[in-house]
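Work through the exercises below with the model open beside you. Each task is followed by a stepwise solution.

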Amino acid sequence: MATAKNLALESAALAKLANGFDPTERASFRKLGFKAWLEDQLNPNKKENDFVNNAMTNFLASNLPLAKLATTFPYSAKRGLVGDEAIQTTLLRRIYSSRQTFETLVEFFNDLIPVPVTVDTISRIQYDRDVIRAYALGRYPDMLLASSRAPGMLYFLNGATNTRSHPNENYGREVLELFTVSTKYPYVQDDVVTAARVLSGISWSRGSMSLVVNPNNHYQGPVSLLGWSDPNPGQTSDDILATSESMIRYLALLPATAQAFSHRMARRYVSDNPSEALIKAMAKTYLTTKGHIPSVLKTMAFSTEFAASGGAKLKRPSEYLASTVRALGLRLSAPIQTGDPTATYYFAGSPLGPIQKQLSVQGHEPFRWPFPNGYPDTEQAWTTMTGQVQRWNLSASLAQGLRGTGFSSVDYSAMLPATAKTPEAITTALATRIFGAPLAPDDHKAIVALVSKADVSKPGTDSVSIWASTATSLFFARPEWNMR
Amino acid sequence: MNHKNCGCEEFEAMERGFSRRGFIGSVLAVGGGLLLTDASGLQYAMAATGDTNTDVVVTISMRGGMDGIMAVQPLGSPRLRTLRPTLSFDDSSTLSLDNHFGLHRNLKAFKTLYDQGELAVVHAVGTPVGTRSHFDDQNSLELAAYSNPGLASGWQNRYLTEVGATDVLAGISTTSQRPVTLMGPASAAVFENTADVVIHGLDAVKRADYLNVLRELHAKNTHQWGRTAAATITSAERLAKVDPSTTVVYPTTTLGNRLKVLASLIKAGIPVKTANVDFGGNLDVHSDAGPVTGTMANNFTDLSESIAAFKADVAADWKRVTIVTITEFGRRLQENASAGLDHGWGSAMFVTGGGVKGGKVVANWPGLEDANLRDGDLAVTLDYRHVLAEVMRYRGGMTSANLSNILPDFKPMDLGLVKNIV
C-alpha cells in the first residue's frame, strides 16, 4: 500500500537519481523498493537495454580505441562530427538508458572535472569512456588520477605544455580549487605552483596518441604541499608518475576534499543549499570508503533530508527534456543511421540533431560549458526567460506531436481508457496515467477550463486527441514539473 | 585561497597610499581622487527614482581574465619586453594614446573613440581581493560586497532597485544563465536572442487564453521559477514586437550578436536601465595567447568592432549609453613556457559612451619592477568599484545613499570618467 511518504520518496528518487520516471522504471521501483532499486541501479554489471545498445553501435568514434580514433578521424577533418557524436550519445543515454543513476553520475562528474568538447573532440570521447564512465561507480581518487593523465584534461588545463622552467599553473590551480580541497581550504599561491611542478613534464603525444613523460621537462627535487611531501627525484618517467600519483591521491583523500566533493554532490542531487549535517555524513563515508562514489551517493540517498527533498531543485534544461520525454514514453522520431566517416555529415537526418539543438538554445548542450567549474547548478542561474519560454514551447511541441522535435508523437489512444470522452475525464485520466496521481485541484480546474475551450469544430478533427494534447501541453508547463 | 586573510584593509591602505602618491603630481593620474561620498560639499540633486533620463549602463563581462597589459601596453618598458618576449610589442606597433600607454593595434576602433573623446581607459584596476581564482573573483566581483559576503544579490540587481526600475525589461542579460550580478530581488530578463523567447502557443486554443492559464498555473508557486513566470510572459509578448533587423554590420561573433540584440531593444524603446553582456570569447589564455593573429588579437578586434557597430546601430541613443568592460583579473606579467599567461591581478577597463569624458588614461600606475608587483602580477591600485560608482552616480543619477546600498562599505572616488547627465 503506497503511503504519501512512500510516494514522496518514489517521486524524489525517480526525479533525482534518474532523469525522471518512465512507466517501466516506476514499476521496477515499486517492485524492488527504494534500497534494492538503487542497488540495482548502481550495479556495475547492470545490463543496458537493447535499444540503447543497438543505437550505440551506429556511432563510430565511441567504439574505437584512442589510437584507432586518431587514424580514423584525423585531426584535420571530422572533428566537429566526433564532437556531435560525444554530445548525441550522451543525450541518447541520458534519456533512454536503463542505467539511469549511472547516467546522472556521469553528468555529475562531467561537471565536476569537466573537459569541454571544444578542447579536442577525440579526446572528449576518450575522456567520457575511459575516465568518467570507467570510474563513476568506483573511487574518486582513481578517476581524478585518470583525469589528470587524460589527453582531454592535459589539453584543456595546459598540463600538456607545463614544464619545469615555466610551470603552467592552470591545472595546478584548478586541481586544488575545483577538483579537490576547494577554496575553503587555506592554500596559497606557492601550493598552486607546487602542484604544477609535480605534474610538469607529463604531456601527451598526438603522434603516438599516448602519454609522454619527459624528465627534462620535470621539476626535480623535494616538493611539499598541504601536509604532503615527496623527494621527487624525477629521474625517470616512473619516478614522475609515482610522485604525481602520490600527490593526486593524497589531495583526493583529504578531509577538505571529502567535504567539497560531498557538497557538490548534495547540491547536485538534493537541493541548492544542502545541510551541513548531510555534507558531514557524506564526507565521513567518503573518507572511510576512500572515496567510493556509490557509497557516498547511498549515504546521501538514504538520508531523511533526501527523502524530504522532492521538488527542492530546479531541473536543468537537459533534465527537463529527458524527464518529459520519459514521462510521455516517447521514442526517437527516426532510427539512428550507421555513421559513414567518409560522408560530409554522417548524422544527416538523425533525430538526435534537433534534440541537441534544443539544448543548445537553452545553453545546456553537453560538454559546451567552457570553464572548468562545470555548468551552474542552482535555481537562480537557470531561471531565465529563454529557459521558461523554451520549456513551454517544448512541452507544447511534444504534446501536440509537432514535427522537428526529434521525438515520436504521443499515442493518446493507448494512454486513455475508451470511457474518457470529455475534457474533464481526459484530463483526469491522463494525469493519473502519467504522474500516478491526479493533479492538484487548482491546476486541474485551470487546465480543464482551457481544454474545454479548445476548438474541435474543424472537419475531421479528433476531439479526444485535441483535448488530450492541450491538457498534456499544460501538464509539463507547470512550475512543479520544472522542479525535482 | 584563504578568504580569512583577504587583505581588504591592507588593500585599502595601499590604494589610499597610491592615491596620494599617484594622483598628486603624476602625469598619468587624472581626476584628483576626490571621494564621492566624502563630506566634500558636492550636492547631488538629481532624483533617481523612475528617472527615464538615466543612461543604459552596459557591462561587458570579460569573463576568463582579460590581459590588461596586452590591451593597453605601458610604453617604454624594457622590462616588459624581457618578461614577455613573445607577448608584448615594440612601442611603435601599438596605437599610442598619450605616449605612456599604447592600445593593441586591433583595438583600432577604440582609438577612434578615444580620439573622439568618447572612450577612457582605466588601468591597474581590479578587485580588492585578488585570489586568482576565476570563480571566486568573478563571484565577488559581481556581488561587489566584499565586507558583506552574506548579501545575496549582485550589484546590477541592487542598481535596478535603487534606480527605481519597475519595468521587467529594465535589467537584461544576454546570456544563457542568469549571472550573479543580476541575481536578487529585482527582476531581470535573461535571453540571448529575441527569437528564443517567442511563445508559440497551442494550435487549438486562443493565445490569450493559453497565456492566462500559464500565468494561473504559476501564480501560487513560490520558487523563483514560478515568481518570474508572469513577467516572462509579459516580456515575451513585448519582445515579439521588437524588430531585430539592422543595416549595421556587426562582427559575426558572440559579442557582436549580443550587442545587436541589445541595440534592437534600445531602438525599440524598451526602457533598459542596465544590461550585462558576456564577451563570449576565450580570454583565459594559458597557452598560445595569440597576440598578433591568434586568440587575443581576434578578441580585441571583436571587442572594439562590436562596440563600434553598436554605436552606429543605436545612433542617436549613443548619447544615453555608457559601456564599461570588466574582468575578474588580469594576467601574470611574465609569459609562461606555452606562450601563454597565467592568472594575474591588475587589468584594464574601458569606459565608453556618449556621456564619457574620454581621451584619457586614468591610473595610479604602480610600475612593473619586482618591488611594484604583487606575486608577479600588475598591482591593483584602483578598485573597479570606483568606475562603477562614478558611472552610476553621474549617468544613473545615484545619490551617495543609493551608492552605499549598491556598493556597501565602499568609498567611491571621482575619477573624472563621465559627464554629469543633468
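This is a predicted model: local features need pLDDT of at least 70, side-chain atom pairs count only at pLDDT 80 or more; totals for chains, interfaces and linings use all residues.

**Exercise 1. An enclosed strand**

Task: Decide why strand 2 (residues 56–61) of chain B counts as largely enclosed. Then find its pairing partners.

Solution. 
- Step 1. Check burial, with the cut-off at under 20% relative accessible area. Six of the six residues of strand 2 of chain B are buried, so the rest of the structure largely encloses this strand.
- Step 2. Sort the side chains by direction. V56(B), V58(B) and I60(B) point one way, while V57(B), T59(B) and S61(B) point the other way. Both sets are buried.
- Step 3. Take one partner. Strand 10 (residues 321–326) of chain B pairs with strand 2 of chain B in the parallel sense, over six bridges. Here V56(B) stands opposite V321(B).
- Step 4. Take another. Strand 9 (residues 274–278) of chain B pairs with strand 2 of chain B over five bridges, also in the parallel sense. The bridge partner of S61(B) in strand 9 is D278(B).
- Step 5. Chain B holds 12 helices and 14 strands. Of its 422 residues, 63% count as buried.

**Exercise 2. A covered helix in chain A**

Task: How many of the 11 residues of helix 12 (residues 189–199) of chain A are buried, and what covers them?

Solution. 
- Step 1. Count. Nine of the 11 residues of helix 12 of chain A are buried, so-called mostly covered.
- Step 2. Name some. Among the buried residues are Q189(A), D191(A), V192(A), V193(A) and L199(A).
- Step 3. Look for the cover. It includes helix 11 (169–179) and helix 13 (237–252) of chain A. Strand 1 (202–205), strand 3 (223–225) and strand 4 (228–230) of chain A are also included.
- Step 4. Step past the helix end. Just after helix 12 of chain A, G201(A) takes a positive phi of about 90°.

**Exercise 3. Where the chains meet**

Task: Describe the contact between chain B and chain A by residues, area and polar pairs.

Solution. 
- Step 1. Count residues. Chain B gives 59 and chain A gives 67.
- Step 2. Take the area. About 5200 Å² is buried between the two chains, and carbon and sulfur atoms give 58% of it.
- Step 3. Look for salt bridges. The rule finds three across the interface of chain B and chain A. One of them joins R332(B) and E169(A), with the closest N and O atoms 2.8 Å apart.
- Step 4. Locate the chain B side. Helix 5 (134–143), strand 8 (189–190), helix 7 (207–219) and helix 8 (224–239) of chain B each supply at least two residues. Helix 8 of chain B gives the largest share, nine residues.
- Step 5. Sort by type. The side of chain B that touches chain A has 22 nonpolar, 23 polar and 14 charged residues.

Methods
Residues are numbered from 1 along each chain as its sequence is written. Chains are lettered from A and ligands numbered from 1 in the order in which they are written. Side-chain values use heavy atoms; hydrogens and water are left out. Contact means heavy atoms within 4.5 Å. Buried area is the accessible area (1.4 Å probe) that two parts lose on being put together, summed over both. A salt bridge is a side-chain nitrogen of Lys or Arg within 4 Å of a carboxyl oxygen of Asp or Glu. A polar contact is a pair of N or O atoms within 3.5 Å; within protein, one must be able to donate a hydrogen and the other to accept it, and residues adjacent in sequence count only if both atoms are side-chain atoms. Helices (H or I, at least four residues) and strands (E, at least two) are DSSP runs, numbered from the N terminus. Ala, Val, Leu, Ile, Met, Phe, Trp, Tyr, Cys and Pro count as nonpolar, Asp, Glu, Lys and Arg as charged, and the others, Gly among them, as polar. Buried means under 20% relative accessible area, exposed over 50%, partly exposed in between (1.4 Å probe, protein chains only). Two strands pair if DSSP finds at least two bridges between them.
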